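This report covers a cavity and a sheet. The sequence and the model are shown first.

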Amino acid sequence: MALTIMMRAVVAIMVLLVIGEEARALVHKTIESDDDTIDCVAINNEIQQPGRSMKDIVAASDIAIAAEERPQSWRKGGAGCPAGTVPIRRSGNATINPESFSIDDDVPPPHVFPSGTVEKAAAYGTNGPYHGIRAEVPYWKVDVHPDEFSMSYVMVACTLDSSYIPGVGAKAPTSLPNQIMVGLMTWPSGYGDSLPRLFVYYTNDSGVHYNCFNRECGGFQLTSNKYALGTTWTADPHFGGKQYGVYVGIHRDDTKMIWWVSVQDVDIGYFRDTVFDTRFPEASYVEMGGRVLNTRPGGQHTSTPMGSTMPACGGPRYAASIKEYLGVSAIGGQLFLDDVGRTVTTVPSCYGARPLGFGKIRSGYYTAYGGAGGIYCDH
């Protein structure tokens with residue numbers, strides 16, 4: 001019996017090695033950069049293509065300016081992944097997934113999501129129904145506690161409360177089981193450094209059990225060779241001076257009823273229709289701002305900052321700011337000006353949000369947010 005078990009184990013290892021070699025054969029190119037190693041992995045021919053892209057939505061609007069391409073640091077010098085492949089960030093924890101013949105992301109799976117309290121300071125809108133969101137999120141380099149994260153994001157979400165009626169001045173829904181986020185995130189334990197990195201996120205139960213980042217739960221399908229999840233940009237913003245931001249968006253493709261994510265108006269991938277256990281045809285709520293994970297080591301609040309570290313009262317030149325927010329209309333999928341002048345702050349003594357109003361030069365709504373963290377957050 002012992003010999004039989006050993007033979008089965010040997011056969012299993014040999015099968016995994018063969019599968020691993022087949023998976024590696026799908027890596028058409030590897031790109032080394034100062035920050036990351038990127039594998040260009042072949043994608044199959046069964047992926048969806050948007051019937052209406054974010055570029056189409058922007059082009060159909062007279063209030064938005066198309067975003068220029070902003071290559072990430074792994075594409076420094078013009079290197080890129082060939083057509084028919086998608087860029088996957090590699091790390092020491094990356095593995096080959098035999099079922100999908102793809103390289104898994106190195107972010108912890110949802111069942112080991114760090115324990116702690118997620119604190120936020122954000123603006124929100126209820127003037128839906130929404131079919132998406134588009135805004136510029138800021139890029140700030142900050143020092144984050146190793147076991148915590150700090151993010152800047154935009155979000156679409158829906159409630160299952162059939163009696164809820166979205167509209168101007170409506171209260172925020174009490175329950176938002178289906179949520180999609182995209183933005184920039186500093187997460188040392190997840191990414192191995194303190195650089196702001198591109199992320200997508202979804203949950204279908206308000207984050208109670210499922211907190212799915214990037215590709216870890218298998219729900220997000222990459223389609224573009226332009227931008228890689230978990231990677232960063234080369235930028236050096238300054239207080240009161242030059243700043244840097246990235247246009248991100250989420251929109252529903254009305255022709256196929258699936259949600260797409262865009263970066264610099266390039267559709268980078270979509271959420272499979274099996275991701276959400278309940279219907280998610282449109283959003284009743286949008287949110288934009290900052291979040292941090294507070295783990296309270298030693299029983300005290302850490303100095304993990306939100307945004308640029310400056311409080312929201314510092315204004316757009318010093319505080320982190322979501323800029324040029326526009327909603328995606330449920331009628332025709334076009335962008336529309338939306339008043340998101342209300343805010344939600346879970347720890348106002350620590351992190352705040354301040355509406356800045358509609359832009360005077362460029363369209364959209366602006367919101368400042370952030371704070372430095374620290375022990376005074378507990379006061």
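## Terms and model

Two strands are taken as paired if DSSP finds at least two bridges between them. Strands are DSSP runs of E, at least two residues long, numbered from the N terminus. The model discussed here is predicted.

## The three-stranded sheet

Three strands form an open sheet in the order S1-S2-S3, and their pairing is antiparallel. At the edges stand strand S1 (27-32) and strand S3 (85-90); each has a single partner strand, so one side of each is left without a neighbour in the sheet. On average, neighbouring strands of this sheet are turned by 25° against each other, direction ignored.

S1 and strand S2 (residues 37-42) run antiparallel and are joined by 5 bridges. In this pair, glutamate 32 is placed opposite threonine 37 in S2. Strands of a sheet pair through backbone hydrogen bonds, in either a parallel or an antiparallel manner.

## The cavity

How many cavities of 30 Å³ or more does a search of the whole structure find? The search finds 1. The space in the largest cavity is about 90 Å³.

Its lining consists of Pro138, Trp140, Val142, Ser150, Met151, Ser152, Leu184, Met185, Thr186, Pro196 and Gly307. At least two lining residues come from strand S8 (150-158), and at least two from strand S9 (178-186). By class, the lining of the largest cavity holds 7 nonpolar and 4 polar residues, with no charged ones.

How values were computed:
Residues numbered from 1 in each chain as written. Predicted model: local features only at pLDDT ≥ 70, side-chain atom pairs only at ≥ 80, totals over all residues. Heavy atoms only, no water. 1 Å grid on protein atoms, 1.4 Å probe; cavity = no way out; pocket = protein on both sides within 12 Å on 5 of 7 lines; lining within 4 Å. Points joined across faces, edges and corners; volume = space filled by probe spheres on them. Helix = DSSP H or I, 4+ residues; strand = E, 2+ residues; numbered from the N terminus. Nonpolar A, V, L, I, M, F, W, Y, C, P; charged D, E, K, R; others polar. Axes fitted to C-alpha atoms, helices over the stretch in contact; angles between N-to-C directions.
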